[in-house]
Amino acid sequence: MSTLVLDGCAVVTMDGQGSEYAAGHVVVTGNVISAVGPGSANSSAANSGVANSGVANSGVANSRRIDASGCLATPGLINTHHHLYQWGTRGMAADATLFEWLTELYPVWARMDYDVVRPLATAALAWLARSGCSTTMDHHYIFPRAGGDLLGATVAAARQVGLRFHPTRGSMDLGASAGGLPPDDVVEDRDAILVASKAAIEEFHDASPHSMLRIGLAPCSPFSVTSGLLTDAAELARHAGVRLHTHLAETADEDEYCAEHFGCTPVEYLDSLGWLGDDVWLAHGVHLGDAAITRLAATGTGVAHCPSSNGRLGAGICRTHDLLAAKVPVGLGVDGAASSEENSLIGEVRQAALIARSAGGPRAMTVRQALELGTMGGARLLGRDQEIGSLETGKLADIALWRLDGLPHAGITDLVAALVLGARPPLELLLVNGETIVERDQLVTVDERGVAAQARRASAVLTGHR
Ligand SMILES: [Zn+2]
C-alpha cells in the first residue's frame, strides 16, 4: 500500500478540539490518513518505512515524502451547491435579479445536450479542484428531451477530474402556463422525473464507506416545481436512503411568490410537505425570519451558504451568525457557475467571513468559523462528517496543501487569517481519496489548456456565439 508523508507543514485539522500545529505532519496510507500531529513525521515515517530525506520520491517503493515547509495543510474544501453546466453561460445577464437572470437563461439552457455538458462540467470541476475543493455536489435540473444522459455527463467528468462527487438529480415540473417561472419547454413531466430519479439512484449511488459518488434528489425551487413533486421526491429519497436538496429563501421575490401562491413563508411551505429534516440541505437561506431559523435548527435541516452568488444577484445577506448560533448546520457553495463567475471555493470561505462581518461586525464570523463552513460544515450537509471534513487519523485522505511562504503572505502571523483573508495562495497539492489531483497549481488528471479549449467551444455552441 502506498504511503505519502507531508512533513514540516503547519496543520489546521478542523477536528472538534480545534487542534492546530505550527509545524507538523500528515501521513497518508492508501486512501486514509494514518497519522497527523505536531513535529516531524520521523517516527510515523519510520513505522511506515519511508525515508526522511529528499523532497520527492524517497526511493522506497510506493512511498513518498514531501518537504511541506512553508505550507499549510487543511482538509480539502467541500462544495455544497453548484450547477456545473452553467459554466457555459457565465457573464450573461450580468446585472440582473435572480428572476430576470433565470428568465434570460432558461431558453439558452434548453439547448443543452451531452456533448455540451460533458466539457462544461469538466471545466467547472477542474477549476473547483484548483480552488482546493476535494468534494462537490452538483444540482442539475434541466433535462431537454433530446439532450441525452446529462447526469451521466457530469458523473463522467467528475471521474475524469477525480473529485469526490455528490450529484443530485434535479427537476422542474411547474411551467409558466401552470403558474411557474420557467417556460413550459424546459420542464418535465412529474412521472418521468420520478422514473429518472429512481434510475439515477440505481445506476450511480454508492452508499458504501469511502464512496466517491452519492446521489441526491433535488427538485429545483418553490417557483419551478409542484408540491406533488416535492412530496413524491421526498418519499422516493427516504425510501432509497439518499439526501434531499433544493433552493430556498433566496430572494425577496421568492418570499412574495410563496405568500401569493401558498399563503406562507418558504420554510413553512417546505415544512408542510415534510421537507425539513437532517437529510435535507437548502441552498441559500437568505430570507429567513427568527421562526424559520428555529425550525431549521429543530429539524437539523442544513443551509448551503453561497455568499458570492447572493452578492452577484443582489439577493441579500444570509444570517449566518444567527444560523450558527442556533446550531443550524451550515456549509458553503460556489453556486453558479453563471451566477458567480469566479467559482472558487477558497474564495467563498473569504466571502463568507467578509459578508457576515459587513452585516454583523468583526466578530460575526471568525476566520476559523469561515474555514469550518468550507470543511466540516460541508461534510455535515452531505452526510459525510464521519469520513471527510477534518484531518484526523482514520479519515479519508482529502487534503489541501496551501503555499503560504511567498510574497502575498510573507509575514502574516496567523496562517488561517492568511488563508481566509489574504490573497488566494498557490495550491501546492490537492489529494482526493489519497490520489494527487493538483500539484503546484497544476491539474495532474486533466490537461488544463485542453479542458479550457473544449469549454470555450461548448459555450459557443450553447450561447449561439460560434
Ligand atoms: Zn443554485
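In the predicted model, helix 3 (residues 114-130) packs against helix 15 (residues 448-463) at an angle of about 135°, and the two axes lie 8 Å apart. This angle makes helix 3 oblique to helix 15, since angles count as roughly antiparallel only when over 145 degrees. The crossing of the two helices is left-handed. On the side of helix 3, the contact involves Val 116, Pro 119, Leu 120, Thr 122, Ala 123 and Arg 130. These residues meet Glu 448, Val 451, Gln 454, Ala 455, Ala 458, Ser 459, Val 461 and Leu 462 of helix 15. By residue class, the contact of helix 3 with helix 15 consists of nine nonpolar, three polar and two charged residues.

Helix 5 passes helix 6 in a right-handed crossing. Helix 5 contributes Arg 190, Ile 193, Leu 194, Ser 197, Lys 198 and Ile 201 to the contact, while helix 6 contributes Gly 228, Leu 229, Asp 232, Ala 233, Leu 236 and Ala 240. Seven of the residues in the contact of helix 5 with helix 6 are nonpolar, two are polar and three are charged.

Aromatic side chains were examined next. A pair of aromatic rings is described by the distance of the centres and the angle of the planes. Nine aromatic pairs are found in a search of the whole structure. In one of them, the ring centres of Trp 109 and Tyr 141 are 6.3 Å apart and the ring planes stand at 85°. The pair is therefore edge-to-face, as planes over 60 degrees apart are classed in this way. Trp 109 belongs to helix 2 (residues 98-109), whereas Tyr 141 is in the loop between strand 7 (133-140) and helix 4 (150-161). The two residues are 32 residues apart, and their pair links distant parts of the chain. Both Trp 109 and Tyr 141 are buried. Phe 262 and Tyr 269 form a stacked pair, with 3.7 Å from centre to centre and 5° between the planes. Phe 262 has a relative accessible area of 29% and is partly exposed, while Tyr 269, at 4% relative accessibility, counts as buried. Ring pairs also join Tyr 85, Trp 101, Tyr 106, Trp 109 and Tyr 141 into a cluster.

Ser 211 lies in the loop between helix 5 and strand 9 (216-219). Its relative accessibility is 1%, so Ser 211 counts as buried. When residues up to four places away in sequence are not counted, Ser 211 touches Arg 164, Asp 206, Arg 384 and Glu 387.

Some backbone geometries are listed here. The peptide bond from Gly 336 to Ala 337 is cis, with omega near 10°. Ala 337 is in the loop between strand 13 (330-332) and helix 12 (345-360). Ala 93 is not a glycine, yet its phi is positive, at about 45°. This residue lies in the loop between strand 6 (77-79) and helix 2, and with a relative accessible area of 12% Ala 93 is buried. Asp 441 is another residue other than glycine with a positive phi, near 65°. The loop that holds Asp 441 runs between strand 16 (435-439) and strand 17 (442-443). Asp 441 is partly exposed, with a relative accessible area of 22%, because the buried class covers values under 20%.

At 34% relative accessibility, Glu 20 counts as partly exposed. Glu 20 and Val 367 are 347 residues apart in sequence, and the distance between their C-alpha atoms is 14 Å. Leaving aside neighbours within four places in sequence, Glu 20 is in contact with Val 11, Val 12, Arg 368 and Val 416.

Conventions:
Residues are numbered from 1 along each chain as its sequence is written. This is a predicted model: local features need pLDDT of at least 70, side-chain atom pairs count only at pLDDT 80 or more; totals for chains, interfaces and linings use all residues. Side-chain values use heavy atoms; hydrogens and water are left out. A crossing is left-handed if the near helix is turned anticlockwise from the far one by less than a right angle, and right-handed if clockwise. Helices (H or I, at least four residues) and strands (E, at least two) are DSSP runs, numbered from the N terminus. Contact means heavy atoms within 4.5 Å. Ala, Val, Leu, Ile, Met, Phe, Trp, Tyr, Cys and Pro count as nonpolar, Asp, Glu, Lys and Arg as charged, and the others, Gly among them, as polar. Rings of Phe, Tyr and Trp (its six-membered ring) pair if their centres lie within 6.5 Å; planes under 30 degrees apart count as stacked, over 60 as edge-to-face and the rest as tilted. Buried means under 20% relative accessible area, exposed over 50%, partly exposed in between (1.4 Å probe, protein chains only). Axes are lines fitted to C-alpha atoms, for helices over the stretch in contact, and angles run from 0 to 180 degrees between N-to-C directions. Angles under 35 degrees count as roughly parallel, over 145 as roughly antiparallel, 65 to 115 as roughly perpendicular and the rest as oblique.
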